[in-house]
Amino acid sequence: MASVDSFSEPVYVYEKPVRLWHWVNALAIVVLVVTGFLIAWPPVVTSGEASDHYLMGYIRFAHFSAGYVLAVGLIGRAYWALVGNRYARELFAPRIHDVHWWQALLHEVRWYLFLVEEPRKHAGHNPLAGLAMFLFYVLGSLFMIATGFALYGEGLGTGSWAANAFGWVLPALGGSQQVHSLHHLGMWYLVIFTLVHVYVAVREQHLSRQSVTTTMIDGWRVWKDERP
């Protein structure tokens, strides 16, 4: 296989654990958003005795389960950043110390704004995508995990593992109701980020000089031309 710098031969970018995490994580986010919406606006059940229905119980169980998947998945993804290939680290370590990285980032901004005719080639995340994933997804997910488990611990009660580990979040952010509001606002934040992420991935698959969406399926970055 040619070197990464040649940008001519396919490059194996996303290893199997990264791809598995990506798709499981995407499913967890969908479940969290749908169930979170239903928790905020519960469906009305008018027939039969209340004791005959456990709809909200199932919804909350699905929400909590997906929250565990999101949290454990992020821990596993952080571990793979340490033991995986060089591209596995990009999610957690934008190269903000590199002047060439900043130059490439400004070029990508101009590309997304249709101010330049052609993007550059990037084997891993382009600098703008990598920075966005760190700022909006990684930090956003950590906020949602912390606030979510804080509220979960409140329900489990004093002395539970969640209350012991995340109970400090409630007073730090202004109390239970405030955390509920911030957690719900964070849901819409992730929804908007996800929509933008999907749009950009599809756009780049068609307009950039390399594969994008298919790379997260088979792991290989394929170039559309042999120019540098």
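Which residue lies over the face of W111? It is R203, at 4.9 Å from the ring centre. This is a predicted model, where local features need pLDDT of at least 70, side-chain atom pairs count only at pLDDT 80 or more, and totals for chains, interfaces and linings use all residues. Residues are numbered from 1 along each chain as its sequence is written, and side-chain values use heavy atoms, leaving out hydrogens and water.

**Charges over rings**
- R77 places its charged end over the ring of W21, 5.4 Å from the centre; such a contact needs NZ of Lys or CZ of Arg within 6 Å of the ring centre and within 35 degrees of the ring normal.

**Aromatic pairs**
- There are 17 aromatic pairs in the structure, counted for Phe, Tyr and Trp (its six-membered ring) with ring centres within 6.5 Å; planes under 30 degrees apart are stacked, over 60 edge-to-face and the rest tilted.
- Y54 and Y58 make an edge-to-face pair, 5.1 Å centre to centre with 90° between the planes.
- F64 and Y152 make a tilted pair, at 4.8 Å and 55°.
- F64 belongs to helix α2 and Y152 to helix α4, so their pair ties together parts 88 residues apart in sequence; helices are DSSP runs (H or I, at least four residues), numbered from the N terminus.
- Y152 is buried at 15% relative accessible area, while F64 is partly exposed at 26% (buried is under 20%, exposed over 50%, partly exposed in between, with a 1.4 Å probe and protein chains only).
- One aromatic cluster is formed by F64, Y68, F149, Y152, W161 and F166.

Technical notes:
Helices (H or I, at least four residues) and strands (E, at least two) are DSSP runs, numbered from the N terminus.
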